[in-house]
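Please keep the structure open while reading the points below.

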Amino acid sequence: MALNLSHQLGVLAGTPIKSGEMTDSSLSVSPPSARMMMSKPININYKSHGTDPSPPRSPVLGATRADLSVACQAYAVESGVETVEEQRTYKEGGIVEKREGGGVPVFVMMPLDSVTMGNTVNRRKAMKASLQALKSAGVEGIMIDVWWGLVEKESPGTYNWGGYNELLEMAKRLGLKVQAVMSFHQCGGNVGDSVTIPLPQWVIEEVDKDPELAYTDQWGRRNHEYISLGADTLPVLKGRTPVQCYGDFMRAFRDNFKHLLGDTIVEIQVGMGPAGELRYPSYPEQEGTWKFPGIGAFQCYDKYSLGSLKAAAEAYGKPEWGSTGPTDAGHYNNWPEDTQFFKKEDGGWNTEYGEFFLSWYSQMLLDHGERILSSAKSIFESTGVKISVKIAGIHWHYGTRSHAPELTAGYYNTRFRDGYLPIAQMLARHNAIFNFTCIEMRDHEQPQDALCAPEKLVNQVALATLAADVPLAGENALPRYDDYAHEQILKASALSFDQNSEGKNQEMCAFTYLRMNPELFQANNWGKFVAFVKKMGEGRDSHRCWEEVEREAQHFVHVTQPLVQEAAVALTH
């Protein structure tokens, strides 16, 4: 029986959280991309220190039943109504070639399960209708996860590009650009993970035989989201090193899609850890291990990482420091002041030992990034694509001296040390884009007792990228459809700082919107989204007010409605 349009679009991304409702689990923060605490543009009362915060409620943005016919507005394009902004393309150096007056191109993340476990396009008709809608709204392109666990699922070196071939050709036909994410991590277990996509079965078999290949905490708990970076250069995966496996995968992708590289596929985002981010899995939500705003835990207790620590301690002249990581750093859900290592006064983080350990721990992460980026750069050289890396927006406890959650994730950022400049400099060496999350958040929307400061964090990261002369791109951390979030993204993407940045201000090179799902296509949300995309395209130098742009967007929605309804009826037969 043919499915009607409402059903096709309604299952695009699983069952969405209804407007005005949040589950307790949604308060836990772990990015897909840096999945952060849901913001809200009114005051929120949180419980006292040490207890779970009360759930924030989403702004009510209209009826919860989606007017799904709006999602098919792109059929207006096929019928001759063209409202798309002038095309923009990536230039060498990662800066986007913009129209006069600037502007930031907007990409939209696709559902995690856009390609099925059987390597076909999921919900094909709904996918096509939705992509056409995005195109009509002036969206530059889409971001799609290319899952290691799907493509190389059967056996080492055997790649099935199946649904990706069809999906990328669909994007090409519609004139949408593509950011392809080399997703070497497991999907499932974090907020927003509506499906489970494990690592390739043959990789899982190797980890089962050697559990030390998994990230490990001090209590022996294993994390299977991503192979431990301690094993990067060891031939532990059927005779290949993990870095070789990642390189072979990217090379196979390049060879299969060479006809689309630089034209349709404009960016390769290289996954480097859990949720695709360059970090340790220090705040795992699976099985309730971690809850926001806990400090997380160090992940360096597998034998391969400890072997590196031992060698570093001996080279430093303190061999006694090489047998283990800090033993007084608390548990996943502690707060900094609950621990000896992270407390502000006389904390271990600010001692000679702490500086040694944190320098080693963060350098291991930087070396991991260097190895994979070196491979990616050589593979995609002269293809016309840019390479990017995603960094997590860990904004909770940012106002403390130790910045404990950032430290456990591998970002050596404290009151006295800039942890993002070394990352930006590493990316600059490989001509890569610094992709950062939590762009939509405001400081006052977050729980104040956890000293959250996403705006200050974004500001610090932007200044680091300016200093390192590396392009900065952004993402929102969780789905937001309200003007408060849109206005914050516009402000952040303009890279206008109160601090002195020596006149080097420039806009973000791109912004990726999380995520294409049924809620985006509700009439009220869709109108706001169209206005947001238009405003982003105009750039920071535009002097038109938000209300004027939104009126234009609503006019666009109105004039295309008859064509939209015609397309919706056609799809039900």
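Helix H12 is mostly covered, with 11 of its 15 residues buried. The model is a predicted one, and its chain contains 15 helices and 12 strands. Of the 573 residues in that chain, 63% count as buried.

**Helix H12 and its surroundings**

- Helix H12 comprises residues 454-468, and from its first C-alpha to its last it reaches 21 Å, close to the 21 Å expected at 1.5 Å a residue.
- The buried residues of H12 are Pro454, Leu457, Val458, Asn459, Gln460, Val461, Ala462, Ala464, Thr465, Leu466 and Ala468.
- The packing partners of these buried residues include three helices, namely H10 (404-409), H11 (421-429) and H13 (483-493), and they also include the strands S10 (432-436) and S11 (472-475).
- Just after H12, aspartate 469 adopts a positive phi of about 55 degrees.

**Glycine 271**

- Glycine 271 is located in the loop between strand S8 (265-270) and helix H8 (303-316), and it counts as buried because its relative accessibility is 1%, under the 20% cut-off.
- Leaving aside residues up to four places away in sequence, glycine 271 touches Met182, Phe184, Tyr226, Gly276 and Ile372.

**Aromatic pairs and a charge over a ring**

- The structure holds 42 aromatic pairs, one of which is formed by tryptophan 161 and phenylalanine 257 in an edge-to-face arrangement, at 5.7 Å centre to centre and with 75 degrees between the planes.
- Tryptophan 161 lies in the loop between helix H4 (148-151) and helix H5 (162-174), while phenylalanine 257 lies in the loop between helix H7 (242-256) and S8, so this pair ties together parts that are 96 residues apart in sequence.
- Both partners are buried, tryptophan 161 with a relative accessible area of 7% and phenylalanine 257 at 1% relative accessibility.
- Tryptophan 321 and tyrosine 353 also form an edge-to-face pair, at 5.3 Å centre to centre and with 75 degrees between the planes.
- That pair links distant parts of the chain, since tryptophan 321 is in the loop between H8 and helix H9 (352-380), whereas tyrosine 353 is in helix H9, 32 residues apart.
- Tryptophan 321 counts as buried at 16% relative accessibility, and tyrosine 353 is likewise buried, with a relative accessible area of 18%.
- Ring pairs link tryptophan 321 and tyrosine 353 into a cluster whose members include Tyr215, Tyr280, Phe298, Tyr316, Phe341 and Trp360.
- Arginine 279 lies over the face of tyrosine 283, at 4.2 Å from the ring centre.

**The chain overall and confidence**

- Among contacts between residues at least 6 apart in sequence, 77% join residues at least 24 apart.
- The chain exposes about 21100 Å², of which carbon and sulfur atoms supply 49%.
- The mean pLDDT of the chain is 81, and 76% of the residues reach 70 or more.
- Over residues 1-101 the pLDDT is below 50, and this stretch has 279 contacts in the model beyond near neighbours in sequence.
- Over residues 562-573 the pLDDT stays under 50 as well, and here the model has 20 contacts beyond four places in sequence.

Definitions and conventions
Residues are numbered from 1 along each chain as its sequence is written. This is a predicted model: local features need pLDDT of at least 70, side-chain atom pairs count only at pLDDT 80 or more; totals for chains, interfaces and linings use all residues. Side-chain values use heavy atoms; hydrogens and water are left out. Helices (H or I, at least four residues) and strands (E, at least two) are DSSP runs, numbered from the N terminus. Buried means under 20% relative accessible area, exposed over 50%, partly exposed in between (1.4 Å probe, protein chains only). Contact means heavy atoms within 4.5 Å. The expected span of a helix is 1.5 Å times one less than its number of residues. Accessible areas come from the Shrake-Rupley method with a 1.4 Å probe; for residues, only the protein chains shown count as cover. pLDDT is the predictor's confidence in each residue, from 0 to 100. Rings of Phe, Tyr and Trp (its six-membered ring) pair if their centres lie within 6.5 Å; planes under 30 degrees apart count as stacked, over 60 as edge-to-face and the rest as tilted. A charge sits over a ring if NZ of Lys or CZ of Arg is within 6 Å of the ring centre and within 35 degrees of the ring normal.
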